[in-house]
Amino acid sequence: MLFFWKQNIVEGVLAWEVSNETFLKLLGVARASQEELLEDYRDYLRIRRLELWDKDSKPALKVRQLGKSPEESFETYREYLEQRSDGTCANIMICLIHQCNYLLDQFLRTAGKQFVQNGGIREKMKQARLDYLRRNPRKLGK
């Protein structure tokens, strides 16, 4: 599941210049997939009667702090994931999903504002065509 939503983000960003609609759709799919994954981890904890960390708990804040490192990678979390219980690992993943959701939401808000301000590719193509026809009135009938 993780792989598929990552691919939707990559494809959406690549499509951004061509189609805002495709971009927003793919990022929306990625965002929804993350919510599904988040619920899977919550179910895992609930079914096993394991603790779900509060977002402001000491361990959750530690994970959130790790995410602020510019050199963040899997290695940043390796020791936490390899040496912790299943419940702790699930909670770490929940924290990471929340961070990713926050970043995606910020990105989508920014993209929405840019679309409103700058328009999309269809508008730009139509305007370019109209500009061309105004400069070349003989081409109108052909």
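# Notebook: helices and salt bridges

I started with burial: 29% of the 142 residues in the protein are buried (buried means under 20% relative accessible area, exposed over 50%, partly exposed in between, with a 1.4 Å probe and protein chains only). I noted that this is a predicted model, where local features need pLDDT of at least 70 and side-chain atom pairs count only at pLDDT 80 or more, while totals for chains, interfaces and linings use all residues. I also noted that residues are numbered from 1 along each chain as its sequence is written, and that side-chain values use heavy atoms, with hydrogens and water left out.

**Entry 1: the overall build.** I looked up the secondary structure and got six helices and zero strands (both are DSSP runs numbered from the N terminus: helices are H or I with at least four residues, strands are E with at least two). Along the sequence that reads α-α-α-α-α-α.

**Entry 2: Asn 101.** I found Asn 101 in helix α5, residues 86-118. Is Asn 101 buried or exposed? Asn 101 is buried, at 3% relative accessible area. Leaving out residues up to four places away in sequence, Asn 101 touches Arg 31, Gln 34, Glu 35 and Leu 38 (contact means heavy atoms within 4.5 Å). With Arg 31 there is also a side-chain to side-chain polar contact at 3.4 Å (a pair of N or O atoms within 3.5 Å; within protein, one must be able to donate a hydrogen and the other to accept it, and residues adjacent in sequence count only if both atoms are side-chain atoms).

**Entry 3: Arg 31 again.** Next I checked salt bridges (a side-chain nitrogen of Lys or Arg within 4 Å of a carboxyl oxygen of Asp or Glu), and the count came to eight. In one of them, Asp 105 pairs with Arg 31, with the closest N and O atoms 2.7 Å apart. Asp 105 sits in helix α5 and Arg 31 in helix α2 (residues 20-47), so this pair ties together parts 74 residues apart in sequence. Arg 31 is buried at 18%, whereas Asp 105 is partly exposed at 23%. I also saw that Arg 31, Glu 35 and Asp 105 are linked in a salt-bridge network.

**Entry 4: bridges within a helix.** Glu 82 and Arg 78 form a salt bridge at 2.8 Å, N to O. They are four residues apart in helix α4 (residues 74-82), so about one helical turn separates them. Glu 82 is exposed at 53%, and Arg 78 is partly exposed at 29%. In helix α6 (residues 121-135), Asp 131 and Arg 134 are three residues apart, about one turn, and their side chains meet in a salt bridge at 2.9 Å.
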